[in-house]
Amino acid sequence: MRRLYSTFAGGWPGIGLILMRLVVGLALVSGAGSALLSRPAIPMTILALLLSAAAILLIIGLYTPIVGTLVAVIEGCRVIIISADRLLYLLLATIAVALAMLGPGLWSIDARLFGWKRIEPLPRNR
């Protein structure tokens, strides 16, 4: 992950990335939850569970480039295949691509695990 981003955005850009992650994640969880309540077929159930897991990972900011790309591909396929709610799927795919390219931001698990760390050298004892 460190090779993908030179820094993890903080300040106002970091807050914007948190908002993007929250909006996409909550929209995916909401859509997957309503799909699961309607008792869909097995492939749709698996897709809803996959999107729910991806939404949770996006919300907490873990493996954001990989999960963002996965969500973008799934939502892009839904734009082509499903005729209802195409604009919603297109919007979710677009934001997921932006998250995959921009990164999760400073306030994410990715930044804690893969961000640059400051190492203080110990003083020498002579």
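Here is a chat about helices, a core, a pocket and a few loop residues in a predicted model.

Trainee: Hi! What should I know before I start looking?

Mentor: Residues are numbered from 1 along each chain as its sequence is written, and side-chain values use heavy atoms, without hydrogens or water. The model is predicted, so to speak of local features we need pLDDT of at least 70, side-chain atom pairs count only at pLDDT 80 or more, and totals for chains, interfaces and linings use all residues.

Trainee: Okay, how many residues does α1 have?

Mentor: α1 has 27 residues. Helices here are DSSP runs (H or I, at least four residues), numbered from the N terminus. From its first C-alpha to its last, α1 reaches 39 Å, close to the 39 Å expected at 1.5 Å a residue. That expected span is 1.5 Å times one less than the number of residues.

Trainee: Which residues of α1 are buried?

Mentor: Gly14, Leu17, Arg21, Val24, Gly25, Leu28 and Ala32 are buried in α1. Buried means under 20% relative accessible area, exposed means over 50%, and partly exposed is in between (1.4 Å probe, protein chains only).

Trainee: Why would they be spaced like that?

Mentor: An α-helix has 3.6 residues a turn, so residues three or four places apart point the same way. The cover over the buried residues of α1 includes α2, α3 and α4.

Trainee: Can we zoom in on Leu17? What does Leu17 contact?

Mentor: Leaving aside neighbours within four places in sequence, Leu17 is in contact with Ala9, Leu99, Leu102, Gly103, Pro104 and Gly105. Contact means heavy atoms within 4.5 Å. Leu17 counts as buried because its relative accessibility is 6%.

Trainee: Moving on, which residues have the most contacts inside the largest nonpolar core?

Mentor: Val24, Leu28, Leu58, Val67, Val71 and Leu99 do, in a core of 15 residues. The elements giving two or more residues to this core are α1, α2, α3 and α4. A nonpolar core is a set of buried Ala, Val, Leu, Ile, Met, Phe, Trp, Tyr and Cys residues joined through side-chain atoms within 4.5 Å.

Trainee: And what is Leu58 in contact with?

Mentor: Beyond its neighbours within four places in sequence, Leu58 is in contact with Arg21, Val24, Leu28, Thr64, Val67, Gly68, Val71 and Leu99.

Trainee: Thr64 is in that list. Is Thr64 buried or exposed?

Mentor: Thr64 counts as buried because its relative accessibility is 0%.

Trainee: What covers the buried residues of α3?

Mentor: The cover includes α1, α2, α4 and α5 (109–114). Among the buried residues of α3 are Val67, Val71, Glu75 and Arg78.

Trainee: And α4, which residues are buried there?

Mentor: Tyr89, Leu92, Ala93, Ile95, Ala96, Leu99 and Ala100 are the buried residues of α4. What covers them includes α1, α2 and α3. Just after α4, Gly103 takes a positive phi of about 100°.

Trainee: New topic: how much space lies in the largest pocket?

Mentor: About 240 Å³ lies in the largest pocket. Of the 15 residues lining the largest pocket, the closest to its centre are Gly31, Ala32, Ala35, Arg78 and Tyr89. On a 1 Å grid over the protein atoms alone, a pocket is an open set of points where a 1.4 Å probe fits, with protein on both sides within 12 Å along at least five of seven lines, and lining residues have an atom within 4 Å of a point. The volume is the space filled by probe spheres set on the points, which are joined across faces, edges and corners.

Trainee: Which element gives the largest share of the lining?

Mentor: That is α1, with 5 residues. The lining divides into 11 nonpolar, 1 polar and 3 charged residues. Ala, Val, Leu, Ile, Met, Phe, Trp, Tyr, Cys and Pro count as nonpolar, Asp, Glu, Lys and Arg as charged, and the others, Gly among them, as polar.

Trainee: What does Arg78 touch?

Mentor: Arg78 touches Leu51 and Tyr89, not counting residues up to four places away in sequence. Arg78 is buried, with a relative accessible area of 17%.

Trainee: Last one: where does Arg39 lie?

Mentor: Arg39 lies in the loop between α1 and α2. Arg39 has a positive phi of about 55° although it is not a glycine. Most residues other than glycine have a negative phi. Arg39 is exposed, with a relative accessible area of 76%.
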